[in-house]
Amino acid sequence: MAAPAQKHEDTERLGMALEYFTAGKYHESLLLFQKLDKSYRLNDRFKAYIGLCYYHEWDFKKAAEYLDKALPNLSALSPQERNVYYYADAESHFNMGDYENAIPLYEESLVLCKPAERADALYRLGFCYMFREDWGAAHEYFSSSLAYYESYRNVPDIEARRKQIIHMVDGCEKEIEKTKREK
């Protein structure tokens with residue numbers, strides 16, 4: 001008789017984990033998901049939730065581990081939901097300095113997201129390529145991000161970002177010219 005009672009308790013625990021997750025209480029949600037993951041083999045969507053919890057806890061290594069494993073198995077989910085996972089995974093890799101793995105994740109995010117959401121991914125791609133000293137690609141991504149910010153988020157709170165991107169574009173142009181002179 002203990003097994004059905006335990007299953008009922010775990011079903012309630014899963015419901016609580018989802019409620020905490022939805023409410024943005026990622027630490028509490030993570031604790032419950034971890035306990036359930038030890039007792040059961042949670043499906044990939046729940047593993048992606050765990051990855052998002054780690055992401056919001058700034059544990060980018062764990063977030064990337066969970067999201068990297070879950071993402072290939074989430075193709076049946078809506079593009080909007082998959083975009084959240086791809087972007088968080090890309091950000092996790094970016095924050096670890098792993099630009100090689102961040103780039104394809106940001107690119108997949110660009111395919112899945114709405115046009116109004118593209119500016120941030122393009123901005124990060126600009127940095128990925130800048131850190132790799134691929135000035136042409138960095139220039140292209142920064143320029144595209146600026147165009148998306150101006151088209152979709154042209155509000156005062158992004159003015160500092162706009163100015164920064166303009167400086168980044170100028171810096172890339174100078175590096176491109178410098179490279180041409182050195183050849």
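User: How many nonpolar, polar and charged residues are in the lining of the largest pocket, by class?
Analyst: In this predicted model, the lining of the largest pocket has seven nonpolar, three polar and two charged residues.

User: Which residues line the largest pocket?
Analyst: The lining is made up of Leu52, Tyr55, His56, Asn83, Val84, Tyr87, Ala88, Ser109, Cys113, Glu117, Asp120 and Ala121.

User: Which elements give two or more residues to that lining?
Analyst: They are helix 3 (44-56), helix 5 and helix 7 (118-131). Helix 5 gives the most, with four residues.

User: And what volume does the largest pocket have?
Analyst: Its volume is about 160 Å³.

User: Let us turn to the rings. How many aromatic pairs does the structure hold?
Analyst: There are 20 aromatic pairs in the structure.

User: Take phenylalanine 94 and tyrosine 106. Why is the pair edge-to-face?
Analyst: The ring planes stand at 75°, so the pair is edge-to-face, and the ring centres are 6.4 Å apart.

User: Where in the chain are phenylalanine 94 and tyrosine 106?
Analyst: Phenylalanine 94 is in helix 5 (residues 79-95), while tyrosine 106 is in helix 6 (residues 99-112). The two are twelve residues apart, and their pair links distant parts of the chain.

User: Is phenylalanine 94 buried or exposed? And is tyrosine 106 buried or exposed?
Analyst: Phenylalanine 94 counts as buried, at 9% relative accessibility. Tyrosine 106 also counts as buried, at 0% relative accessibility.

User: Which residues do ring pairs link into a cluster?
Analyst: The cluster consists of Tyr87, Phe94, Tyr99, Tyr106, Tyr123, Phe127, Phe131, Phe142 and Tyr149. One of its members, Tyr87, is also among the residues that line the largest pocket.

User: What lies over the face of tyrosine 123?
Analyst: Arginine 161 does, at 3.9 Å from the ring centre. Tyrosine 123 is itself one of the residues in the ring cluster.

User: A change of topic, then. How many disulfides does the count come to?
Analyst: The count comes to zero disulfides.

User: Why is cysteine 128 in no disulfide?
Analyst: The nearest cysteine sulfur, that of cysteine 172, is 13 Å away. For cysteine 172, the nearest cysteine sulfur is in turn that of cysteine 128.

User: Is cysteine 128 buried or exposed? What about cysteine 172, buried or exposed?
Analyst: Cysteine 128 is buried, with a relative accessible area of 0%. Cysteine 172 is buried as well, with a relative accessible area of 2%.

Conventions
Residues are numbered from 1 along each chain as its sequence is written. This is a predicted model: local features need pLDDT of at least 70, side-chain atom pairs count only at pLDDT 80 or more; totals for chains, interfaces and linings use all residues. Side-chain values use heavy atoms; hydrogens and water are left out. A disulfide is a pair of cysteine sulfur atoms within 2.5 Å. Buried means under 20% relative accessible area, exposed over 50%, partly exposed in between (1.4 Å probe, protein chains only). Rings of Phe, Tyr and Trp (its six-membered ring) pair if their centres lie within 6.5 Å; planes under 30 degrees apart count as stacked, over 60 as edge-to-face and the rest as tilted. A charge sits over a ring if NZ of Lys or CZ of Arg is within 6 Å of the ring centre and within 35 degrees of the ring normal. On a 1 Å grid over the protein atoms alone, a cavity is a set of points where a 1.4 Å probe fits but cannot get out, and a pocket is an open set with protein on both sides within 12 Å along at least five of seven lines; lining residues have an atom within 4 Å of a point. Grid points are joined across faces, edges and corners, and a volume is the space filled by probe spheres set on the points. Ala, Val, Leu, Ile, Met, Phe, Trp, Tyr, Cys and Pro count as nonpolar, Asp, Glu, Lys and Arg as charged, and the others, Gly among them, as polar.
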